[in-house]
Amino acid sequence: MIIKGLKVKLGKRLIIDDITLSFAEGINLVLGPNGSGKTTLLRTIIGMIKPSEGELKVEENLSFAPAEFYSPNMKVKDVILAGKKKGDYEKFVKMFDAENLLDRDFSTLSSGEKRLILIIKALAEGDLVIMDEPLSNLDIANRKRIIESILKLKEEKQFLITSHELEMINFADNIIIMKKGKVVYQGDKEGISEELLSSVYEVPVKKVNYDGYTFFKTY
(Lines give C-alpha, C1' and ligand atoms only; values in the text may rest on other atoms or scores of the structure.)
Protein backbone atom coordinates (compact mmCIF):
# COMPACT_ATOMS: atom_id res chain seq x y z
CA MET A 1 0.00 0.00 0.00
CA ILE A 2 1.26 3.47 -0.92
CA ILE A 3 0.09 6.73 0.65
CA LYS A 4 1.85 9.92 -0.39
CA GLY A 5 0.74 13.51 0.16
CA LEU A 6 -2.79 12.41 0.98
CA LYS A 7 -5.38 15.10 1.65
CA VAL A 8 -9.05 14.49 2.40
CA LYS A 9 -11.74 17.16 2.63
CA LEU A 10 -15.26 16.61 3.86
CA GLY A 11 -17.22 19.63 2.76
CA LYS A 12 -14.91 22.54 3.40
CA ARG A 13 -13.11 20.86 6.30
CA LEU A 14 -9.63 19.46 5.74
CA ILE A 15 -9.72 16.20 7.71
CA ILE A 16 -6.44 14.65 6.54
CA ASP A 17 -3.68 17.11 5.80
CA ASP A 18 -0.89 16.03 3.45
CA ILE A 19 0.20 12.75 5.04
CA THR A 20 2.70 10.22 3.72
CA LEU A 21 2.81 6.80 5.37
CA SER A 22 4.87 3.64 5.19
CA PHE A 23 3.53 0.31 6.41
CA ALA A 24 5.28 -2.65 8.01
CA GLU A 25 4.50 -6.32 7.74
CA GLY A 26 2.53 -7.42 10.78
CA ILE A 27 0.65 -4.89 12.90
CA ASN A 28 0.35 -1.22 11.96
CA LEU A 29 -1.32 0.75 14.75
CA VAL A 30 -2.91 4.19 14.33
CA LEU A 31 -3.37 6.22 17.51
CA GLY A 32 -4.74 9.68 18.17
CA PRO A 33 -7.52 11.54 19.95
CA ASN A 34 -11.07 11.84 18.63
CA GLY A 35 -11.13 14.05 15.55
CA SER A 36 -7.55 13.30 14.55
CA GLY A 37 -8.58 11.66 11.23
CA LYS A 38 -8.04 7.99 12.06
CA THR A 39 -11.41 6.68 10.87
CA THR A 40 -11.40 8.97 7.84
CA LEU A 41 -8.01 7.53 6.89
CA LEU A 42 -9.36 3.97 7.02
CA ARG A 43 -12.50 4.88 5.08
CA THR A 44 -10.37 6.53 2.42
CA ILE A 45 -8.15 3.45 2.12
CA ILE A 46 -11.15 1.15 1.62
CA GLY A 47 -12.72 3.49 -0.93
CA MET A 48 -15.66 4.88 1.06
CA ILE A 49 -14.21 8.40 0.80
CA LYS A 50 -12.37 9.87 -2.18
CA PRO A 51 -9.11 11.69 -1.47
CA SER A 52 -8.87 15.35 -2.47
CA GLU A 53 -5.17 15.15 -3.34
CA GLY A 54 -2.26 12.77 -3.20
CA GLU A 55 -1.45 9.19 -4.13
CA LEU A 56 -3.28 6.21 -2.69
CA LYS A 57 -2.53 2.79 -4.10
CA VAL A 58 -3.81 -0.44 -2.56
CA GLU A 59 -2.73 -3.71 -4.16
CA GLU A 60 -3.55 -6.01 -1.26
CA ASN A 61 -6.77 -7.98 -0.82
CA LEU A 62 -8.25 -5.95 2.01
CA SER A 63 -11.11 -6.43 4.45
CA PHE A 64 -12.65 -4.03 6.97
CA ALA A 65 -14.11 -4.38 10.46
CA PRO A 66 -15.83 -1.03 11.22
CA ALA A 67 -16.22 0.66 14.58
CA GLU A 68 -19.80 1.64 13.78
CA PHE A 69 -22.30 -0.66 12.10
CA TYR A 70 -26.00 -1.20 11.60
CA SER A 71 -27.87 -4.27 12.81
CA PRO A 72 -29.64 -6.05 9.95
CA ASN A 73 -32.39 -8.56 10.64
CA MET A 74 -30.28 -11.42 9.34
CA LYS A 75 -28.91 -14.60 10.80
CA VAL A 76 -25.32 -14.24 12.00
CA LYS A 77 -24.16 -16.88 9.52
CA ASP A 78 -25.72 -14.86 6.66
CA VAL A 79 -23.96 -11.69 7.84
CA ILE A 80 -20.65 -13.56 7.83
CA LEU A 81 -21.23 -14.90 4.31
CA ALA A 82 -22.69 -11.67 2.86
CA GLY A 83 -20.88 -10.04 -0.04
CA LYS A 84 -18.78 -11.31 -2.90
CA LYS A 85 -15.59 -12.14 -0.98
CA LYS A 86 -14.74 -15.67 0.00
CA GLY A 87 -12.74 -16.90 2.95
CA ASP A 88 -12.17 -19.65 5.47
CA TYR A 89 -15.02 -18.53 7.70
CA GLU A 90 -15.25 -21.82 9.59
CA LYS A 91 -11.63 -21.50 10.76
CA PHE A 92 -12.23 -18.14 12.41
CA VAL A 93 -15.65 -19.00 13.79
CA LYS A 94 -13.97 -21.91 15.59
CA MET A 95 -11.03 -19.75 16.66
CA PHE A 96 -13.44 -17.45 18.53
CA ASP A 97 -15.79 -20.20 19.73
CA ALA A 98 -18.67 -18.44 17.97
CA GLU A 99 -20.53 -21.49 16.64
CA ASN A 100 -23.33 -20.89 19.15
CA LEU A 101 -24.02 -17.47 17.59
CA LEU A 102 -24.43 -18.57 13.97
CA ASP A 103 -28.19 -19.18 14.10
CA ARG A 104 -28.93 -16.08 16.18
CA ASP A 105 -30.39 -12.96 14.60
CA PHE A 106 -27.56 -10.44 14.30
CA SER A 107 -29.75 -7.64 15.67
CA THR A 108 -30.22 -9.55 18.95
CA LEU A 109 -26.50 -9.79 19.72
CA SER A 110 -24.79 -7.56 22.24
CA SER A 111 -22.58 -4.79 20.84
CA GLY A 112 -19.50 -6.81 21.78
CA GLU A 113 -20.82 -9.95 20.07
CA LYS A 114 -21.62 -7.96 16.92
CA ARG A 115 -18.09 -6.58 16.86
CA LEU A 116 -16.68 -10.09 17.29
CA ILE A 117 -18.69 -11.38 14.32
CA LEU A 118 -17.50 -8.54 12.08
CA ILE A 119 -13.90 -9.18 13.14
CA ILE A 120 -14.33 -12.87 12.27
CA LYS A 121 -15.65 -11.86 8.84
CA ALA A 122 -12.73 -9.47 8.23
CA LEU A 123 -10.12 -12.02 9.30
CA ALA A 124 -11.59 -14.60 6.95
CA GLU A 125 -11.77 -12.32 3.92
CA GLY A 126 -8.63 -10.18 3.82
CA ASP A 127 -4.86 -10.40 3.59
CA LEU A 128 -4.69 -6.76 4.70
CA VAL A 129 -7.14 -6.62 7.60
CA ILE A 130 -8.27 -3.11 8.52
CA MET A 131 -9.90 -2.70 11.92
CA ASP A 132 -11.42 0.45 13.39
CA GLU A 133 -11.41 0.26 17.20
CA PRO A 134 -11.59 -3.57 17.37
CA LEU A 135 -11.39 -3.69 21.19
CA SER A 136 -14.27 -1.27 21.77
CA ASN A 137 -17.23 -2.74 23.74
CA LEU A 138 -15.45 -6.05 24.30
CA ASP A 139 -15.14 -7.66 27.72
CA ILE A 140 -11.75 -8.60 29.15
CA ALA A 141 -11.83 -12.18 27.87
CA ASN A 142 -12.70 -11.22 24.29
CA ARG A 143 -10.18 -8.34 24.27
CA LYS A 144 -7.51 -10.86 25.21
CA ARG A 145 -8.75 -13.28 22.56
CA ILE A 146 -8.66 -10.61 19.83
CA ILE A 147 -5.14 -9.49 20.74
CA GLU A 148 -3.84 -13.06 20.90
CA SER A 149 -5.45 -13.89 17.55
CA ILE A 150 -3.92 -10.84 15.85
CA LEU A 151 -0.49 -11.77 17.20
CA LYS A 152 -0.94 -15.36 16.03
CA LEU A 153 -2.00 -14.27 12.54
CA LYS A 154 0.43 -11.42 11.93
CA GLU A 155 2.88 -13.72 10.11
CA GLU A 156 0.27 -14.50 7.45
CA LYS A 157 -1.77 -11.28 7.40
CA GLN A 158 -1.02 -7.57 7.57
CA PHE A 159 -3.06 -5.43 9.96
CA LEU A 160 -3.96 -1.76 10.03
CA ILE A 161 -5.69 -1.00 13.31
CA THR A 162 -6.95 2.18 14.94
CA SER A 163 -7.34 2.22 18.69
CA HIS A 164 -7.71 4.36 21.79
CA GLU A 165 -6.10 1.54 23.80
CA LEU A 166 -2.50 2.54 24.48
CA GLU A 167 -1.74 -1.03 25.58
CA MET A 168 -1.78 -1.93 21.86
CA ILE A 169 1.56 -0.13 21.53
CA ASN A 170 3.19 -3.25 23.01
CA PHE A 171 2.06 -5.43 20.11
CA ALA A 172 2.55 -3.11 17.13
CA ASP A 173 5.37 -3.37 14.57
CA ASN A 174 4.72 0.15 13.27
CA ILE A 175 2.96 2.95 15.14
CA ILE A 176 1.36 5.99 13.51
CA ILE A 177 0.18 8.81 15.77
CA MET A 178 -2.17 11.43 14.35
CA LYS A 179 -3.44 14.77 15.61
CA LYS A 180 -5.72 17.19 13.76
CA GLY A 181 -5.28 15.35 10.47
CA LYS A 182 -1.49 15.25 10.54
CA VAL A 183 0.97 12.49 11.35
CA VAL A 184 3.06 13.57 14.34
CA TYR A 185 4.93 10.28 14.80
CA GLN A 186 5.70 7.12 12.88
CA GLY A 187 8.01 4.39 14.13
CA ASP A 188 8.37 1.74 16.82
CA LYS A 189 7.37 1.91 20.47
CA GLU A 190 10.86 2.84 21.63
CA GLY A 191 10.44 6.30 20.14
CA ILE A 192 7.20 7.07 21.98
CA SER A 193 7.72 9.35 24.95
CA GLU A 194 5.57 10.69 27.75
CA GLU A 195 6.01 14.16 26.28
CA LEU A 196 4.77 13.08 22.85
CA LEU A 197 1.60 11.41 24.15
CA SER A 198 0.92 14.20 26.63
CA SER A 199 1.09 16.69 23.76
CA VAL A 200 -1.09 14.60 21.44
CA TYR A 201 -3.82 13.80 23.98
CA GLU A 202 -3.49 17.09 25.89
CA VAL A 203 -3.40 15.34 29.27
CA PRO A 204 -0.38 14.33 31.35
CA VAL A 205 0.74 10.79 30.45
CA LYS A 206 3.17 8.67 32.46
CA LYS A 207 5.21 5.87 30.82
CA VAL A 208 5.84 2.78 32.94
CA ASN A 209 7.95 -0.22 31.90
CA TYR A 210 7.23 -3.50 33.68
CA ASP A 211 8.13 -7.09 32.86
CA GLY A 212 8.86 -6.32 29.22
CA TYR A 213 5.66 -4.34 28.64
CA THR A 214 5.14 -0.60 28.39
CA PHE A 215 2.14 0.99 30.08
CA PHE A 216 0.88 4.54 29.78
CA LYS A 217 -1.13 6.08 32.58
CA THR A 218 -2.91 9.41 32.79
CA TYR A 219 -2.65 11.30 36.05
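Buried means under 20% relative accessible area, and exposed means over 50%. Keep those cut-offs in mind for this tour of a predicted model.

**Stop 1: helix H5**

Select residues 140-153, which make up helix H5. At 1.5 Å a residue, its 14 residues should span 20 Å.

Now colour the buried residues of H5. They are Asn142, Arg143, Ile146, Ile147, Ser149, Ile150 and Leu153. Turn the view to look down the axis of H5. The buried residues fall within an arc of 160°, so they line one face of the helix.

Which exposed residues sit on the face of H5 turned away from its buried side? Select Ile140, Ala141 and Lys152 to see them.

Next, show what the buried side packs against. Strand E3 (27-31) is one of the partners, and so are helix H3 (89-95) and helix H4 (111-125). Strand E6 (128-132) and strand E7 also pack against the buried residues of H5.

**Stop 2: Arg143 and its partners**

Stay on H5 and centre on Arg143. Side chains of opposite charge can pair when their charged atoms come close. Arg143 forms a salt bridge with Glu165, with 3.4 Å between the closest N and O atoms. Glu165 lies in the loop between strand E7 (158-162) and strand E8 (174-179), 22 residues away from Arg143 in the chain.

Together, Arg143, Glu165 and Glu167 are linked in a network of salt bridges.

Glu165, at 23%, counts as partly exposed. Glu167 is partly exposed too, at 32%.

**Stop 3: Lys179 and Glu202**

A search of the whole structure finds 13 salt bridges. For another of them, select Lys179 and Glu202, whose side chains meet at 3.1 Å, N to O. Lys179 lies in strand E8, and Glu202 in the loop between helix H6 (194-201) and strand E10 (205-210), so the pair ties together parts 23 residues apart in sequence. Lys179 is buried, at 18% relative accessibility. Glu202 is exposed, at 57%.

**Stop 4: a nonpolar patch**

Switch to a surface view. Select Val208, Tyr210, Tyr213 and Phe215. These residues form a nonpolar patch on the surface, with about 400 Å² of accessible area together. Which strands supply the patch? E10 and strand E11 (213-218) each give at least two of its residues. Zoom in on Phe215, found in strand E11. Phe215 is partly exposed, with 36% relative accessibility.

**Stop 5: Gly212**

Finish in the loop between E10 and E11, where Gly212 is placed. Gly212 has a relative accessible area of 66%, so it passes the 50% cut-off and counts as exposed.

Note on methods. Residues are numbered from 1 along each chain as its sequence is written. This is a predicted model: local features need pLDDT of at least 70, side-chain atom pairs count only at pLDDT 80 or more; totals for chains, interfaces and linings use all residues. Side-chain values use heavy atoms; hydrogens and water are left out. A salt bridge is a side-chain nitrogen of Lys or Arg within 4 Å of a carboxyl oxygen of Asp or Glu. Helices (H or I, at least four residues) and strands (E, at least two) are DSSP runs, numbered from the N terminus. Buried means under 20% relative accessible area, exposed over 50%, partly exposed in between (1.4 Å probe, protein chains only). The expected span of a helix is 1.5 Å times one less than its number of residues. The arc is that of the directions from the helix axis to the C-beta atoms. Contact means heavy atoms within 4.5 Å. Patches are made of residues with over 30% relative accessible area and no salt bridge: like charges are joined within 9 Å, nonpolar side chains (Val, Leu, Ile, Met, Phe, Trp, Tyr) within 5 Å. Accessible areas come from the Shrake-Rupley method with a 1.4 Å probe; for residues, only the protein chains shown count as cover.
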